[in-house]
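Take a walk through this model, one element at a time.

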Amino acid sequence: MNIEPISPDFAARVTDIDLSQPLSDEATVEIEQAIARFAVLIFPDQPLTDDQHAAFTRRFGPIDKGLLLGSKRKPRLSNSDVIDLANVDADGNVLPAANIRNVSLIANQFWHSDSSFKSPPAKYSILCGMDLPDQGGQTEFADQRAAYDDLSDDMKATIDGMVAEHWAYHSRNMLGGGGYSEAEMAALPAVHWPIVHTISESGRKSLFVGIHTREIDGMITPEARMLLHDLLEHATQRKFVYRHEWQNNDVLMWDNQSTLHRGRAYDLNQLRELRRCTTEVVLDEAG
Ligand SMILES: [Fe+2]
């Protein structure tokens with residue numbers, strides 16, 4: 001395969017490989033090494049069936065089933081390892097803008113790390129872009145290793161050892177809420193992760209904040225919210241961002257532990273069909 005960096009340590013285009021075919025051990029290692037360095041990989045022109053998408057993903061770890069909060073419609077896809085992110089009903093028609101499913105889909109336009117509100121959280125997300133709108137709907141990635149490196153020594157010392165709470169409904173509430181019941185919210189309790197962690201594959205330190213973070217352990221809420229806001233503002237400066245302009249059948253793979261990402265706005269009346277398959281972080285015995 002051919003690996004072409006977009007910047008020296010962030011985002012690369014990978015060509016001369018067919019993801020629909022079983023991945024050899026050598027190719028798996030080569031991709032793991034590439035994502036450890038670049039954090040985001042772009043594989044252009046890779047039309048995949050759901051089964052091929054899931055088989056490729058499984059080479060990199062156990063599958064995270066994710067969740068699409070507020071989605072009450074029956075599944076369209078036969079492979080339950082693949083998450084349907086299309087803005088359509090069960091028959092494939094574009095949903096009315098006010099449909100509840102759009103709360104979760106629009107929440108993806110906040111900077112986030114997939115499933116950071118779960119334990120274990122997501123490791124690699126592999127997103128197939130099948131049918132994208134003509135305007136908008138790009139996906140942006142922010143390098144959280146570079147963002148950490150760029151913090152002042154004082155801020156690094158301030159946040160050393162801090163633990164933040166991640167809660168799935170925080171982003172939905174910021175959009176006016178999704179009509180969730182107390183029981184639904186209680187079924188997905190908040191989780192706690194260090195604000196700075198070390199990426200085992202690269203040894204690099206990385207920030208771990210985003211829209212799902214709403215508290216810092218041991219800190220009053222307004223002070224915590226402001227610090228989280230400041231960190232997110234720092235972490236998403238344009239110098240850390242790669243913006244992906246989609247072509248149909250692009251496949252994007254990223255490390256959720258090293259990056260934040262967000263979709264960009266698009267006309268809700270236009271079809272935007274993406275499918276995601278995701279691996280979980282394999283937690284060590286210490287958790
Ligand atoms: Fe996401």
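Start at L41. Setting aside residues up to four places away in sequence, L41 touches A12, V14, I31, A34, I35 and M253. The coordinates come from a predicted model. L41 also belongs to the largest nonpolar core, which has 52 residues. Within that core, V40 and L41 touch the most other members. In soluble globular proteins, nonpolar side chains tend to be buried together.

Strand 3 spans residues 40–43 and runs antiparallel to strand 14, with four bridges joining the two. I42 has L252 as its bridge partner in strand 14. Strand 3 also pairs with strand 2, here in the parallel sense and over two bridges. In that pairing, R13 stands opposite I42.

Strand 1 (residues 2–7) and strand 2 (residues 10–15) pair in the antiparallel sense over five bridges. I3 stands opposite V14 in this pair. A hairpin of two residues links strand 1 to strand 2.

Now turn to strand 14. How many of its five residues are buried? Five of the five are, so strand 14 (residues 251–255) is largely enclosed by the rest of the structure. Both faces are covered. V251, M253 and D255 are buried on one side, L252 and W254 on the other. In a regular strand the side chains alternate between the two faces of the sheet.

Which residues of helix 2 are buried? In helix 2 (residues 50–58), they are H53, F56 and T57. They cover an arc of only 100 degrees around the axis, so they lie on the same side of helix 2.

Move on to an open sheet of three strands, in the order 13-7-15 and with antiparallel pairing. Strand 13 (241–244) and strand 15 (259–263) form the edges. Each has a single partner strand, so one side of each is left without a neighbour in the sheet. On average, neighbouring strands here are turned by 20 degrees against each other, direction ignored. Strand 7 (residues 139–143) is joined to strand 13 by four bridges. E140 has R243 as its bridge partner in strand 13.

Strand 15 holds R262. Is R262 buried or partly exposed? The cut-off for burial is 20 or more other C-beta atoms within 10 Å. R262 has 19 C-beta neighbours inside 10 Å, so it counts as partly exposed. Neighbours within four places in sequence aside, R262 is in contact with N108, Q109, F110, W111, H112 and E140. The C-alpha atoms of R262 and G137 are 9.6 Å apart, although 125 residues separate them along the chain.

Another open sheet has three strands in the order 9-8-12, again paired antiparallel. Strand 9 (191–194) and strand 12 (213–216) are its edge strands, each pairing on one side only. Neighbouring strands of this sheet are turned by 35 degrees against each other on average, direction ignored. Three bridges join strand 8 (residues 163–166) to strand 12. H166 has T213 as its bridge partner in strand 12. Helix 8 (residues 221–235) lies across strand 8 and strand 12, at about 125 degrees to strand 12.

Finally, step back to the whole chain. Its secondary structure comes to eight helices and 16 strands. Buried residues make up 37% of the 287 residues. Among contacts with a separation of 6 or more, 83% join residues 24 or more positions apart. The C-alpha atoms fill a box of roughly 45 × 45 × 40 Å along the principal axes. A compact globule of 287 residues would have a radius of gyration near 19 Å, and the chain's 18 Å agrees with that.

Conventions:
Residues are numbered from 1 along each chain as its sequence is written. This is a predicted model: local features need pLDDT of at least 70, side-chain atom pairs count only at pLDDT 80 or more; totals for chains, interfaces and linings use all residues. Two strands pair if DSSP finds at least two bridges between them. Axes are lines fitted to C-alpha atoms, for helices over the stretch in contact, and angles run from 0 to 180 degrees between N-to-C directions. Two residues are in contact if their C-beta atoms, placed from the backbone, lie within 7 Å. A nonpolar core is a set of buried Ala, Val, Leu, Ile, Met, Phe, Trp, Tyr and Cys residues joined through C-beta atoms within 7 Å. A residue is buried if 20 or more other C-beta atoms lie within 10 Å of its own, exposed if 12 or fewer, and partly exposed in between; C-beta atoms are placed from the backbone. The radius of gyration is taken over C-alpha atoms; the globule rule is 2.2 Å times the number of residues to the power 0.38. The arc is that of the directions from the helix axis to the C-beta atoms.
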